[in-house]
Amino acid sequence: MSFSFPILPGGHLLAIEGLEPPHIGALLDLAESYALLNRSGKTQRDLLRGRTLINLFFEDSTRTRTSFELAGKRLGADVINMSVSTSSVNKGETLLDTAATLNAMHCDLLVVRHAQSGAPALLSQKVSASVINAGDGTHEHPTQALLDALTIRRRKGRLEGLVVAICGDVLHSRVARSNIHLLTAMNARVRVVGPPTLIPAEAARLGVEVFHDMRAGLAGADVVMMLRLQKERMTGGLVPSSREFFRFFGLDREKLAVARPDAIVMHPGPMNRGVEIESSIADDPERSVIGEQVEMGVACRMAVLDVLARDLRRNA
Amino acid sequence: MRDLVIAGARLLDPASGLDTVGDLLVCEGRIEDLGSGQGRPEGAALVEGAGLCLLPGLVDLRADIGEPGHEHRETIASAAAAAAAGGITTLCALPDTDPPLDDPALVQFVLRRGEATGSLTLLPYGAATKRCEGRELAEYGLLKEAGAIAFTDGRRAIAGARTMRLALSYARAFGSFVVQHPEEPSLAAGGAATEGELATRLGLPGIPLAAEAMMVARDIALARITGGHVHFAHVSTGAALALIRAAKAEGLAVTCDTAPPYFDLNETAIGDWRTYAKLSPPLRPEADRQAVVAALADGTIDAIASDHQPRDADDKRLPFAQAEAGGAGLATLLGVTLAQVHGGQLGLLAALDLLTARPARLLGLPAGRLAKGAPADLVLLDLERGWQVKDGQLPGKAQNTPFDGRALEGRVLGTWKAGRRVFG
């Protein structure tokens, strides 16, 4: 596949916000081709041969790190995982000290996860590598939105016009923000559903409809996207208890019944079964596409690495 | 002290409304005479002022000067150099230093260090509470005797209503007032930007606009029951200004200042994670910026302060929520205020009044005047000369300006402290 325009302007993937629909569509098309390649059991190990990809994770994440690692290896990159424990941060090493170290290692592609919004953007100004945001604070998680969109597109054949309900802790969710930007750009109808304490200020200004009642929010939905509720939200007083949360905002059969009969259920993982989602729904092959999300994750990350590597070659 | 004549300048005295071309005569550190046709005494130094403005030295109500405790950010000497370049000749220093200025000896230390600069009247605030911790009142009487100009906990709000009530009551005994950082801390906790669409998009924890107004409302109520004088620093929201306007109309002892970022910038300056625009209080939406501009014009705001908060690169080169709040302000106080004049929102004398005579009156100082017998604290200004704010090129140590790249009109060419040239 070749493109007549730069898919990721600036040579980084820091956010979905700011990407134009043709860019998103092109990334999804490329990812789809990688999904087919992966299913066929073939690899394309020459694409990133000799390139170094560093997974720089300031927060633990087995799933996302493994997905990037697999994507890099399938394209032939040398993949190194760096987990920066909070202890070395506490010793006074700053993000920019880390950037200087990485520059000295001549890293080509840098995948960053950080607990602070904007940290990958800050790093991108200081490192020579192409930076991919693998989740920053409560800002964005762009590859998650890409894999969600690809999963939806494969199941529903399109994004435009679909009703997508994003449910739960929207306030603290970078997954929700990236999905909102991507899906509204592609003309899906996006709803956010949750208690007012977990909906960000001025959410409607992002182009979504806000619901505080789960049944109203799920009515007629094509896609139900559940978010993870972090345990510390309970201690922070934003919701009184997990049983109350599950009763009113957790996904069970009764609430799901008001969505479209063919509605799919998604979750970015890891799930809190019995808090935001009932186990039987999470494991229902008729409804849940959670396994497919993981599969599409590898394909989307291959597509992003591929596109950024083209820029690397162009600039070499 | 050698005598001095500044000749043929446009003399501007906001307190009296004087705006005329003439000469100004300085003798022994004071203004001897001013007006047209002044004689030039034998041996007096002559400064040609034709085409330039001569105004009183600026009186800055609020600056963190780094000392004691944060000398890597700013020292009294470096702050004095920046102040002189910015036309500031009187400066009130915040007490939330390390250690905080809650002891008469520390107040005297800052006073002595200020005197040693020879270019600046440095007036320390005393801590409103011991260690600026918001619990027990500091020794207002002893601190005032030592030279404290008024009382505040600096960047920290006096959170407890009872503590604030006691502070306002007790300060009355010494004819003083209490300066509040108007932000309800339990509502603002953890916030990095004003709550709203922009903070939501950036994934930053927000501080609701109401955090300012509710603290202002509470303290106005406390001023009413105590008869004390509360002064709100760096007011930045329309809602708080409306409350202050009403309290003044009621006749309460309520005053306030704002700082240039709050009438020159809005919250979009933090886009792309610009930590140099991370301030406390945070930059506001455009409607609030406009409300601040309106309150400058209608007299609700009593003074414009620099709100100088020196931070070094390591304080700022961090992810946004972790970066320190605060902006350097000494060098840009006059220039950014003059942008309101050049833009037509404020008259020249009204703008200068907010920088000179009105803050001086609030502090009970003879400074801030171009009048016979007043201290010869003077600024010679080219009102039309353009310059560009550039971090790395500001006078003083602190380079953390939120105005980097801003083109300004109005350049200080000379500053005199008590008749002695300290800049230009």
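Which side chain does B:Arg201 meet in a salt bridge? I looked this up before anything else. The partner is A:Glu17, at 2.6 Å from N to O. I counted a salt bridge where a side-chain nitrogen of Lys or Arg lies within 4 Å of a carboxyl oxygen of Asp or Glu.

Ground rules. This is a predicted model, in which local features need pLDDT of at least 70 and side-chain atom pairs count only at pLDDT 80 or more, while totals for chains, interfaces and linings use all residues. Residues are numbered from 1 along each chain as its sequence is written, chains are lettered from A and ligands numbered from 1 in the order in which they are written, and side-chain values use heavy atoms, with hydrogens and water left out.

Entry 1, the interface. I took contact to mean heavy atoms within 4.5 Å. On that basis, 15 residues of chain B and 19 residues of chain A take part. The two chains bury about 1500 Å² between them, with 60% of it on carbon and sulfur atoms. Buried area here is the accessible area (1.4 Å probe) that two parts lose on being put together, summed over both. I then asked which residues of chain B supply 41% of the area it buries against chain A.

Seven residue pairs across the interface are in polar contact, both residues at pLDDT 80 or more. A polar contact is a pair of N or O atoms within 3.5 Å; within protein, one must be able to donate a hydrogen and the other to accept it, and residues adjacent in sequence count only if both atoms are side-chain atoms.

Entry 2, the sheet in chain A. I traced an open sheet of five strands in the order 7-6-5-8-9, with parallel pairing. Helices (H or I, at least four residues) and strands (E, at least two) are DSSP runs, numbered from the N terminus, and two strands pair if DSSP finds at least two bridges between them. Strand 7 (209-211) and strand 9 (264-266) of chain A are at the edges with a single partner strand each, so one side of each has no neighbour in the sheet. Neighbouring strands are turned by 20° against each other on average, direction ignored. Axes are lines fitted to C-alpha atoms, for helices over the stretch in contact, and angles run from 0 to 180 degrees between N-to-C directions.

Strand 5 (residues 163-167) and strand 8 (residues 223-226) of chain A pair in parallel over four bridges. In this pair, A:Ile166 stands opposite A:Met225. Helix 6 (residues 142-156) of chain A lies across strand 8 and strand 9, at about 165° to strand 9.

Entry 3, a salt bridge within chain A. A:Arg153 pairs with A:Asp29, the closest N and O atoms being 3.0 Å apart. A:Arg153 is in helix 6 of chain A and A:Asp29 in helix 1 (residues 21-40), so the pair ties together parts 124 residues apart in sequence.

Entry 4, strands in chain B. Strands 6-7-8 of chain B form an open, parallel sheet of three strands. Strand 6 and strand 7 (residues 88-93) of chain B share four bridges, and B:Leu58 stands opposite B:Ile88. I also noted the hairpin of strand 18 and strand 19 of chain B, with two residues between them. B:Ala418 in its turn has a positive phi of about 45°.
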